[in-house]
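Dear colleague,

I am passing on the structure below, followed by notes on what was found in it. Please read the notes with the sequence and the 3D view open side by side.

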Amino acid sequence: MRPVLLMKVFVTRRIPPEGRAALAQAADCEVEQWDSDEPIPVKELERGVAGAHGLLCLLSDCVDKRILDAAGANLKVISTLSVGVDHLALDEIKKRGIRVGYTPDVLTDTTAELAVSLLLTTCRRLPEAIEEVKNGGWTSWKPLWLCGYGLTQSTVGIVGLGRIGQAIARRLKPFGVQRFLYTGRQPRPEEAAEFQAEFVSTPELAAQSDFIVVACSLTPATKGLCNKDFFQKMKETAVFVNISRGDVVNQDDLYQALASGQIAAAGLDVTTPEPLPTNHPLLTLKNCGPGIQLRAPGLLQKTVLGLRRGRSGHEAAVATAVCAKSKHWAAAMSYCRQEGKDPIICDEKRPCSCKQRS
């Protein structure tokens, strides 16, 4: 009887027990994990991935040529606990015949809810109000004190009407929004019909919107999209929310727009870097609310990551589930089976956006 050759899978972060259990079900799988809640140092990632057949990584792990070289020829599959893949050097990965698994649509509702909560919190100036209560600034009721901006009869502009952009619009519509605008690579009439949303250019969206929510992917075309020119076109009463990627926004230009009163306020789910240093200029502003990304296990996140085609081209039975509760994994697996969906990608040509390491 031939001995079973174990496949090595390296996991870059401490994951819930359900995820480990799913990996352990594969008899020919040997799992090594970076046992910490903090990001793995580059040197440790290079060491851990060496000789691995599969890599389970997070959005904060930059998998570039250096890491791929350290992994060697055994690496056949990379699975990322994220919807975005801008941290992966996809062109280099595809060149090496490595398959990539990601997690589309599993955080759509969570992210949309967070976007709406950021928008409401920011436009109604809740952080400022809470601070005034704590520091004694609230002395009595004043008719115009801390007045915010309402959604009723407003115009909402969405940068990127994908799954998340649509989910945001769907949640904002009952607030009495009068008009939805959207921009992107091309019109999406079928998706826009539900909200009677109008496709406009990015400058038009900036100029006409009372509220702007950025929900696009990070690509070379969208990097730095929201810059000085963008903010100069916005209304002085407009509120800006970013739940996309920090690099879509030029943060220096955003700071100047907020500090000068060029725009009313901003709510940020994402920044560059993450987290922001405590002395960052944006954190000195009352009208800017950088938030903590709450899209993680514990918010009913469902994540299915496929790890396939292991050693010598044989079908390796390895699938990982990383979620707060095992029932979410089962539901996600069932969904994929019913819809005939495969979370494997390697067709999109997006360069790795992480900073080059020395």
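Strand S6 (residues 155-159) and strand S7 (residues 179-183) run parallel and are joined by 5 bridges, where helices (H or I, at least four residues) and strands (E, at least two) are DSSP runs numbered from the N terminus. Within this pairing, Val159 stands opposite Thr183 in S7. Strand S6 is also joined to strand S9 (residues 211-214) by 4 bridges, again running parallel, and the bridge partner of Val159 in S9 is Val214.

Before going further, please note that this is a predicted model, in which local features need pLDDT of at least 70 and side-chain atom pairs count only at pLDDT 80 or more, while totals for chains, interfaces and linings use all residues. Residues are numbered from 1 along each chain as its sequence is written, and side-chain values use heavy atoms, with hydrogens and water left out.

S9 is joined in turn to strand S10 (residues 239-242) by 4 bridges, with the two strands running parallel, and Phe211 stands opposite Val239 in S10. In a regular strand the side chains alternate between the two faces of the sheet. Together with helix H10 (residues 228-233), S9 and S10 make a right-handed β-α-β unit; right-handed here means that, with the strands pointing away from the viewer, the path from the first strand over the helix to the second runs clockwise.

These pairings belong to an open sheet of 7 strands in the order S8-S7-S6-S9-S10-S11-S12, with parallel pairing, where two strands pair if DSSP finds at least two bridges between them. Strand S8 (198-199) and strand S12 (288-290) stand at the edges with a single partner strand each, so one side of each has no neighbour in the sheet.

Turning to aromatic residues, the whole structure holds 5 aromatic pairs, counted when ring centres of Phe, Tyr and Trp (its six-membered ring) lie within 6.5 Å, with planes under 30 degrees apart called stacked, over 60 edge-to-face and the rest tilted. One of them is the edge-to-face pair of Phe231 and Phe240, at 5.3 Å centre to centre and 80° between the planes. Both of these residues are buried, and Phe230, Phe231 and Phe240 form one aromatic cluster.

Two buried polar residues may also interest you. Thr12 lies in the loop between strand S1 (7-11) and helix H1 (17-24) and counts as buried because its relative accessibility is 0%. The side chains of Thr12 and Asp61 are joined by a polar contact of 2.5 Å, a term for a pair of N or O atoms within 3.5 Å; within protein, one must be able to donate a hydrogen and the other to accept it, and residues adjacent in sequence count only if both atoms are side-chain atoms.

Gln251 is found in helix H11 (residues 251-259) and counts as buried because its relative accessibility is 10%. A polar atom of the Gln251 side chain lies 2.7 Å from the backbone nitrogen of Thr272.

For the protein overall, there are 12 helices and 15 strands, and buried residues make up 46% of the 358 residues.

Conventions: Buried < 20%, exposed > 50% of the residue type's maximum accessible area, 1.4 Å probe, protein only.
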